[in-house]
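We'll hop from one stop to the next, and at each one you'll hear what to pick and what to look for.

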2 protein chains.
Amino acid sequence: MIENKERTLEQLESVFKAYEQREIERVFLVACGGSRALMVPSKYLIDREAKKITAEVYNSNEFIHLNPGTLNEKSLVILCSHKGKTPETTDAAQFAKDKGALTISLMYIEDAPLKRASNYTINYSWAPAGSKEQYSEIMNYGILYRLTLKLLSIKENNQKYDKLINSLEGLEKAFDKANVQYRAKAKEYAEKVKDENIIYTIASGSNYGIAYTFADCILMEMQWIHSHPIHAGEFFHGPFEIVDKDVPFILLKGLDETRPLEERAEVFLKKYTDKLLTIDAACLDLSDLDDDIKGYLAPMVINYVLRLHAVALAEVRNHPLPTRRYMFKVDY
Amino acid sequence: MIENKERTLEQLESVFKAYEQREIERVFLVACGGSRALMVPSKYLIDREAKKITAEVYNSNEFIHLNPGTLNEKSLVILCSHKGKTPETTDAAQFAKDKGALTISLMYIEDAPLKRASNYTINYSWAPAGSKEQYSEIMNYGILYRLTLKLLSIKENNQKYDKLINSLEGLEKAFDKANVQYRAKAKEYAEKVKDENIIYTIASGSNYGIAYTFADCILMEMQWIHSHPIHAGEFFHGPFEIVDKDVPFILLKGLDETRPLEERAEVFLKKYTDKLLTIDAACLDLSDLDDDIKGYLAPMVINYVLRLHAVALAEVRNHPLPTRRYMFKVDY
């Protein structure tokens with residue numbers, strides 16, 4: 001356990017100094033699975049806030065094989081692997097470092113192969129799904145926002161960084177309130193859907209990443225339930241034809257600028273399925289977050305609520321979240 | 001029907017002149033559903049080939065609401081809507097034009113609202129799934145490659161444009177050969193899976209877009225079969241836990257640099273499901289395509305093969321491809 005807030009903040013300061021010392025034109029956010037998905041909100045933030053700097057999210061192995069033509073010494077590459085042992089991500093860090101990029105790795109573990117392949121490492125805090133969140137201002141999403149927004153502050157004079165820091169401190173209260181509000185509801189929902197064969201998730205903008213994580217990493221990986229994270233803007237251009245009274249959907253409604261897309265999906269889903277669960281950030285108490293930054297941070301609180309649902313599902317289905325049939329068990 | 005090759009080539013020439021006359025730093029590929037997915041290979045091409053120019057693919061509605069900070073008069077925005085009537089895409093064209101971007105729309109139809117919201121329009125050729133492809137060198141994928149690769153030729157002196165043009169001419173032969181090779185096989189496959197509840201698709205790199213189209217637009221939209229296009233690089237970081245003997249997968253193996261990701265997924269799938277269909281571009285006769293460009297064009301031929309499967313599925317399931325329960329029938 002390396003939940004040492006002071007040290008993490010020092011690690012961040014070293015990176016910020018490195019930002020000052022070099023030109024950065026492009027950010028590559030590189031990881032696998034849930035670690036990749038948690039970078040989606042930071043890409044959304046850069047896409048909206050940056051005037052010159054551009055951002056990409058890549059699966060680590062795709063990143064290496066695709067070999068982006070714009071990856072060079074003016075690139076910032078941020079990687080993440082919870083235990084720092086994902087081989088594709090370690091290889092991606094080395095690959096980027098060899099091209100002269102500034103490489104920064106996020107890990108929960110103190111030392112691991114990923115650290116040795118990167119210029120800088122930052123250790124984030126972490127708590128298992130459903131347990132009390134500690135040091136929420138240095139959890140993985142928060143570190144990513146700090147890294148990306150500070151970059152825009154230094155390079156483009158973006159003014160939102162201080163608001164972010166204040167809001168990250170308010171997150172713990174938001175989690176506590178969400179816990180009180182949703183713990184029992186999550187159990188009720190789990191009882192209702194425990195025998196479902198498939199559950200779709202749907203969201204847009206900064207929330208799409210957590211819809212992906214719940215579909216691909218909770219439902220498919222940890223519960224062996226079929227799923228598919230549908231983008232709310234794409235929903236009406238194909239996927240919505242699958243909707244029927246008995247097809248379950250989990251709709252996420254965030255507070256960012258794409259909320260109208262999620263609202264439009266909700267109107268339709270309310271009409272055509274009897275199995276809709278909506279998790280709406282507007283119904284959560286986020287009064288400890290700054291209004292200017294709320295849209296970016298809402299996914300972190302929705303994700304907390306989703307984790308309560310994951311724990312409840314695992315319990316009622318008697319299928320613990322760490323159960324695997326292939327991962328770390330067979331060759332692949 | 002506007003399959004007038006000469007006119008389409010003239011339309012392209014006008015756009016190339018516009019390229020000469022302005023600085024372009026960033027390309028936004030903007031559309032909905034199948035039209036959005038067909039832009040994925042062009043993003044892959046730019047990601048690999050460009051040294052400075054960057055590319056994004058956006059759903060039209062997300063594009064407008066997210067409002068990218070880097071969208072300006074140095075942006076090229078390429079949009080697509082088959083009949084030119086997708087309201088979100090028309091709005092996106094107008095939105096981008098108002099910001100000073102160079103906006104180019106692809107449509108099959110000659111005149112439509114999208115045309116009036118764009119600086120330039122290009123009409124592409126099209127044939128219904130399963131019928132003989134006409135003028136394959138000006139079909140939608142080909143037009144997109146012409147637009148993106150010519151941009152890199154003009155702005156960055158990329159040398160592959162002529163090879164692209166020669167290869168596009170060879171496509172029609174590749175389609176004809178694929179037709180002979182796969183028509184009967186597609187029917188056999190359709191017989192086998194006609195009662196399946198869910199069929200996953202999986203691919204990476206330039207092929208991911210067609211895996212998306214088959215999952216979201218053929219299976220979910222046109223056949224009401226559950227699906228999910230899984231990225232082959234992400235497969236081992238969550239989704240692969242869903243695999244079981246009786247879970248059907250369609251794996252696409254292309255010829256681009258990410259093929260090792262698809263090959264790795266194949267090794268696993270062969271072992272753990274009895275219901276794997278692999279469509280491998282290496283087994284197709286692509287001898288009329290230039291080796292340097294084959295990886296980029298393989299998705300077009302794999303997509304042709306997938307369309308044979310779509311037609312066969314629709315026939316054996318007695319569920320015609322144009323059948324809808326919501327689209328253009330109810331309010332949404």
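Before the first stop, a word on sheets: two strands pair if DSSP finds at least two bridges between them. Strands (E, at least two residues) and helices (H or I, at least four) are DSSP runs, numbered from the N terminus. What you have open is a predicted model, where local features need pLDDT of at least 70, side-chain atom pairs count only at pLDDT 80 or more, and totals for chains, interfaces and linings use all residues. Residues are numbered from 1 along each chain as its sequence is written, chains are lettered from A and ligands numbered from 1 in the order in which they are written, and side-chain values use heavy atoms, with hydrogens and water left out.

**Stop 1: the sheet in chain B**

Select S6 to S9 of chain B. In what order do the strands of this open sheet sit? The order is S7-S6-S8-S9, 4 strands with parallel pairing. At the edges you'll find S7(B) (229-231) and S9(B) (276-280), each pairing on one side only. From one strand to the next, the twist averages 20°; angles here run from 0 to 180 degrees between N-to-C directions, and axes are lines fitted to C-alpha atoms, for helices over the stretch in contact.

Now zoom in on S6(B) (residues 200-203) and S8(B) (residues 249-253), a parallel pair held over 3 bridges. Show Tyr200(B) and you'll see Phe249(B) of S8(B) opposite. In general, strands of a sheet pair through backbone hydrogen bonds, either parallel or antiparallel.

**Stop 2: H11 of chain B and its partners**

Then pick H7(B), residues 140-156, which packs on H11(B) at about 160° with the axes 11 Å apart. That angle makes H7(B) roughly antiparallel to H11(B). This crossing is right-handed too. Tyr141(B), Gly142(B), Tyr145(B) and Leu149(B) of H7(B) make the contact with Ile293(B), Tyr296(B), Leu297(B), Met300(B) and Asn303(B) of H11(B).

**Stop 3: over to chain A**

Select S1 to S5 of chain A: 5 strands in an open sheet, ordered S2-S1-S3-S4-S5, with parallel pairing. S2(A) (54-59) and S5(A) (120-123) have a single partner strand each, so one side of each is left without a neighbour in the sheet. Look at S4(A) (residues 102-107), joined to S5(A) by 4 bridges, and find Leu106(A) opposite Ile122(A). H1(A) (residues 5-21) packs on this sheet, touching S3, S4 and S5 of chain A, with its direction about 150° from that of S5(A). H5(A) (residues 87-98) lies across S1, S3 and S4 of chain A, at about 165° to S3(A).

Still in chain A, select H8(A) (161-193) and H11(A) (291-316), which pack at about 30° with their axes 7 Å apart. Their crossing is right-handed, and the contact has 21 nonpolar, 3 polar and 5 charged residues.

**Stop 4: both chains together**

Zoom out. Chain A can be laid on chain B with an RMSD of 0.0 Å by a turn of 180° and a shift of 0.0 Å along the axis, with the copies superposed by least squares on the C-alpha atoms of residues with pLDDT of at least 70 in both. That is the relation of a two-fold axis. To find the axis, click His228(A): its C-alpha is the nearest one in chain A, 2.6 Å away.

Definitions and conventions:
Contact means heavy atoms within 4.5 Å. Angles under 35 degrees count as roughly parallel, over 145 as roughly antiparallel, 65 to 115 as roughly perpendicular and the rest as oblique. A crossing is left-handed if the near helix is turned anticlockwise from the far one by less than a right angle, and right-handed if clockwise. Ala, Val, Leu, Ile, Met, Phe, Trp, Tyr, Cys and Pro count as nonpolar, Asp, Glu, Lys and Arg as charged, and the others, Gly among them, as polar.
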